Amino acid sequence: MQNHLYEYRKFIIGGIALVVVLSYIARLGFLQLSDEEYKSRADNNAFLNSIIFPSRGVIYDRNGELLVYNQPAYDIMVIMREVNNLDTLEFCKTLNITKATFDERMALIKNHNKNPGYSPYTQQLFLAQISAEEFSIFQEKMFRFHGFYVRERTIRRYATDYCAHVLGDVAEVSPTDVERDDYYSPGDYIGKQGVERSYEQELRGVKGVEVLLRDARGRIQGHYKNGALDRKPVPGKNLTLSIDAKLQALGERLMEGKMGAIVAIEPKTGEILCMVSAPSYDPHRMEGKQRGAQMMEMQRDPMKPMLNRAISGTYPPGSTFKTSQGLTFLQEGIITSSTAYPCYHGFVTKGMKVGCHGHGSPLPLLPAIATSCNGYFCWGLYHMLSNRQKYTTIQDAVTTWKDYMVSMGFGYKLGIDLPGEARGMIPNADYYDRRLGRWNALGVISIAIGQGEVTLTPLQIANLCATIANRGYYVTPHIVKEVQDGHIADSLKVKHKTKVDTSYYNMVVEGMRKAVLGGTCHSANSPQYAVCGKTGTAQNRGKDHSAFMGFAPMEDPQIAVAVYVENGGFGATYGVPIGALIMEQYINGELSPSSEEKATSFQNRHIDYGTRER
Amino acid sequence: MTGQSNKGIFLSIDWITILLYVILIVWGWFSVCGACYDFNNPDLFAWETNSGKQIVWGGTSLVLATVLMLIEKRFYDTAAYVIYGAMMILLAVTIVIAPDTKGSHSWLPLGSSVKIQPAEFAKFAVALALGKLMDRHDYNIKNSKDIGIAIGLILLPMVLIIGQKETGSALVYFAFFLMLYREGMTGSLLFTGFACIVYFVVGMKFSEEYIPNMPVSIGEFTVLLLAMICTISMVWVYCHNTFAVKVMSATCLGSTLLAMLFSIYVIPFDVCYVMLGACVLMILYIIGMTLYTRLYKYGLIAAFAIVSCSLYYLSSSIFDHLADHQRTRIEVLLGKKDDPRGAGYNVNQAKIAIGSGGLTGKGFLNGTQTKLRYVPEQHTDFIFCTVGEEEGFIGAAGVLIVYLLFIWRLIAVSERQTDTMGRVYGYCVLCIFLFHLFINVGMVLGLTPVIGIPLPFFSYGGSSLWGFTLLLFILLRMDAERNLKQK
């Protein structure tokens, strides 16, 4: 029986099919052609960029002795979904943790707020950085703990007990690090202090990546395109420091129980041979998972062991500064080698007195340096600042003086390749105008003897000494001698000429030699090589600071050293003997038995600083 | 059957349909390969893999097709009710003996590794029984008893399949109503069903959105407006009463317009109260017309109007009483709630899979979404994702167009049947295909609810492939005989 009455309805049904198909095609077009969002979401789903960390460069001293290296450590990982029938007691015993710690860790992993990337199907960090010994115990029993895995990581290890401030440390990146440099992701390690920080770029290498396919449960299914898009990591570059590890060790021994710094520089190259900041700390304290707690403890310590006083501490240079004054006066023609000034137990004029100790008077430059005469240099500066033929105003005179000081590396950062360098203080005319209003030469006279407003870092004192040893120039002091397959920055190789001629430097060298032969530093004298030196005794609110700078040998200087011992009294008390031992160790490569004895006795001479905050 | 008539049958086979059938099966096989590809076992032909098994299902389907081509139409004519009865018994038995498979009791194990789903095979039995029933010379679809029997034949397997906890498969039987429409069932029923769905979707989706500057829910407003328009249109189309249409339009739309203006320019208030009042007046008017004219048409329209107006309020209150997960599903489908990890996970991942395919797709076996199991049920119900991801817009649209051609071809084949049984059976078949296409692809595209039914010839599985082959080739055999009778 035909049903022609309703045959038209075949068009309606066919039309329904057409409408369905067309609207689905439109929907397909919307989903597939309109934007790329779905594509990137599919990629985010499927591709896991697994980072392969490069090994961080290791660090050697100038003689190739290993200072810092990497050691494998083990993270215990857990896949929550796979944990079953866990013998919690046994597990805790194996890892040497308490049941409470276990419960706390497990709760933390599952806390979506604290662990936003949580998935029960992927590995989550349970316990970080267990040692190889702990790992081997765990490994034996691991088969019994379903769902627990081990991930290898490296931690930074120190082969030396010294040099903590220079080497610095590494730790997990801070959120600001991640924001500043998109190389980093949360959880990466970054150098925090010392060369670890300043040479981060060289040490870290380049991360590698494996593009992995990840299924809906987060399980890895293999390499995408058989690894065509994978990148191998580039290992970090090794560093060779200019530090001499033996010298550094001696320096740290000598500074035990004291506050202050030692900096030794190879004058010709600007390489830093040792950099001691006391009190120091054992770099091993920064290894691995204990770092945070150790940092906290040290930051609370009133002695501030974390502070690198060698570059961050600013001190009145005391008499060591007189050398720079003599040089300036000579170059400016204020004095000549034969100019003699009187000193009657000090600089006394117009009701003003800067005290001095007993010595012949009047005296010219060389003995003035040798005996460290306060009067001589105060007269020198007084004449310079009061010279209205040469300088129209006192401001002009101070500006000229300041320019000399800056040319010698004072008042600004030297540009050492370590973080945290301070610039010290060299006052200028503007500063005095603001501070004093109306002022004259007498009001600022103490800067001539390295007191008053003048402050330098121990590094700047050492650099002054190196400049004198070089007779008029310095190379930017630096701590890294060599970067593997690379080179150190050009800024670290620049020769800086001061504004003073070599001939004047020779006079100051003579004076410093005289100081060793028959002046304030005679205990630094050595029968084997010619030492030049200058003491400093810097006044401050408490006991005087003891300072010394010296170089040797006189004609072909190999080492220039500055020693600064807070509240150490006269320069000759601590500064000179410590400086002498440092020079002997470096030039001879060892200490004579009598020197060794002396070193031990200095090691045991501690200064009582009390417990007041500094 | 003589040799000559066999030859005649061979010549009369509709090769166009068979060509489309083969295209779909082969295309489907490639999609299953894409969906089931295992990085550790890249052999597409191995028996252990689903792609390997699908070849076997495809091959056996061709055998099944050949066998079906040899079974005369007379057999179905005779045995239609027997087949129907046997199938119903099988469905009933399955409820009891089938093991629990993910909560449903619809799979019968045959041996160790093969399982069949009787629900997939019941469709052809229902189609045959309906054909046989409606082939009766005195069958009149306008007769409420006759249509009642037809609807009963459809509802029985639905109830049994729901008993197996396979609601999705049961819903497929709604496709037969489209066939009934072709056979003369009044279109108003289809229209009412369609209108109810629109009311529900629009009402739910926009119930909490408001017309700017007015305390009027967009959902409520739209549903009431649609109810008015639909009711008035029905009075116009079925009763041809232009006076009534004018009166109702003036009352309803006029009052609504006035209320809107008042709300905008004088005091903002909920216009829906006025509209509801207008609807009540309209319903009372139609009831009055019913009593006055004694025409049952008016009564039905009045019922329609009552259902239309109350549906929004009913669905809201029903919605509030649904179980949480059901409510979430509906909310996600309507786009009211974003829940990419929970109820929306399947659809969300499916959309990502399809969307990431772009114009030309990622290439055969290169889809990451499907290969890495982000899309659940990707080789069965969500197979269309693989097409979209690996073959892109071109491939996916291509599949849809082949389906459209296939369904159109089946319409043509059905229409040329010389008896009602053939035509009814043909429409049953094509409506089933259309329904599967509509629901399955719609759900993958996030347009229809997630109902677990396969995409014919594409979804992995022997039962569904055999079931669809069975449906189709009985029709093709009937069609091939059309010339015989004329001889």
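This is a predicted model: local features need pLDDT of at least 70, side-chain atom pairs count only at pLDDT 80 or more; totals for chains, interfaces and linings use all residues.
**Chain A as a whole**

Begin by selecting chain A, in which 21 helices and 20 strands are assigned. Buried residues account for 41% of the 614 residues in this chain. If you display contacts between residues at least 6 apart in sequence, 72% of them join residues at least 24 apart.

**The contact between chains A and B**

Next, show both chains and select the residues through which they touch: 32 residues come from chain A and 43 residues from chain B. On the side of chain A that touches chain B, α1 (9-33), α2 (37-46), β8 (208-214) and β9 (220-223) each supply at least two residues. The largest share of that side, 16 residues, is provided by α1(A). Colouring the side of chain A that touches chain B by residue class will give 18 nonpolar, 7 polar and 7 charged residues.

The buried residues of α15(B) include B:N346, B:V347, B:K351 and B:G355.

**A three-stranded sheet of chain A**

Return to chain A and select β1 (47-52) along with β8 and β9, which together form an open sheet of 3 strands in the order β1-β8-β9, with antiparallel pairing. Because β1 and β9 of chain A stand at the edges with a single partner strand each, one side of each is left without a neighbour in the sheet. Looking across this sheet, neighbouring strands are turned against each other by 40 degrees on average, direction ignored. Zoom in on β1(A) and β8(A), which run antiparallel and are joined by 6 bridges; here A:F47 stands opposite A:L213 in β8(A).

**A hairpin**

The next selection is strand β13 (residues 346-349) of chain A with strand β14 (residues 352-355) of chain A, an antiparallel pair joined by 4 bridges. Within this pair, A:T349 stands opposite A:M352 in β14(A). The hairpin has 2 residues between the strands, and A:K350 takes a positive phi near 45 degrees.

**Backbone geometry in the loops**

Select A:S372, in the loop between α14 (365-371) and α15 (374-386) of chain A, where phi is positive, near 55 degrees, in a residue other than glycine. Is A:S372 buried or exposed? A:S372 counts as buried because 28 C-beta neighbours lie inside 10 Å.

Then select A:D485, in the loop between β16 (480-483) and β17 of chain A; phi of A:D485 is also positive, near 55 degrees. With 8 other C-beta atoms within 10 Å, A:D485 is exposed.

Two cis peptide bonds can be inspected in turn. A:A278 and A:P279 are joined by one of them, with omega about -5 degrees, and A:P279 lies in the loop between β12 (271-278) and α11 (291-300) of chain A. The other joins A:A552 and A:P553, with omega about -15 degrees, and A:P553 is found in the loop between β19 (545-552) and β20 (559-565) of chain A.

**A last stop at A:K499**

Finally, select A:K499, in the loop between β17 (495-497) and α19 (502-518) of chain A. This lysine counts as partly exposed, since it has 16 C-beta neighbours inside 10 Å. Which residues is A:K499 in contact with, leaving aside its neighbours within four places in sequence? They are A:Q331, A:D403, A:Y404 and A:S407. A distance drawn from A:K499 to A:S407, C-alpha to C-alpha, will read 6.2 Å, although the two residues are 92 apart in sequence.

Technical notes: Residues are numbered from 1 along each chain as its sequence is written. Chains are lettered from A and ligands numbered from 1 in the order in which they are written. A residue is buried if 20 or more other C-beta atoms lie within 10 Å of its own, exposed if 12 or fewer, and partly exposed in between; C-beta atoms are placed from the backbone. Two residues are in contact if their C-beta atoms, placed from the backbone, lie within 7 Å. Ala, Val, Leu, Ile, Met, Phe, Trp, Tyr, Cys and Pro count as nonpolar, Asp, Glu, Lys and Arg as charged, and the others, Gly among them, as polar. Two strands pair if DSSP finds at least two bridges between them. Axes are lines fitted to C-alpha atoms, for helices over the stretch in contact, and angles run from 0 to 180 degrees between N-to-C directions.
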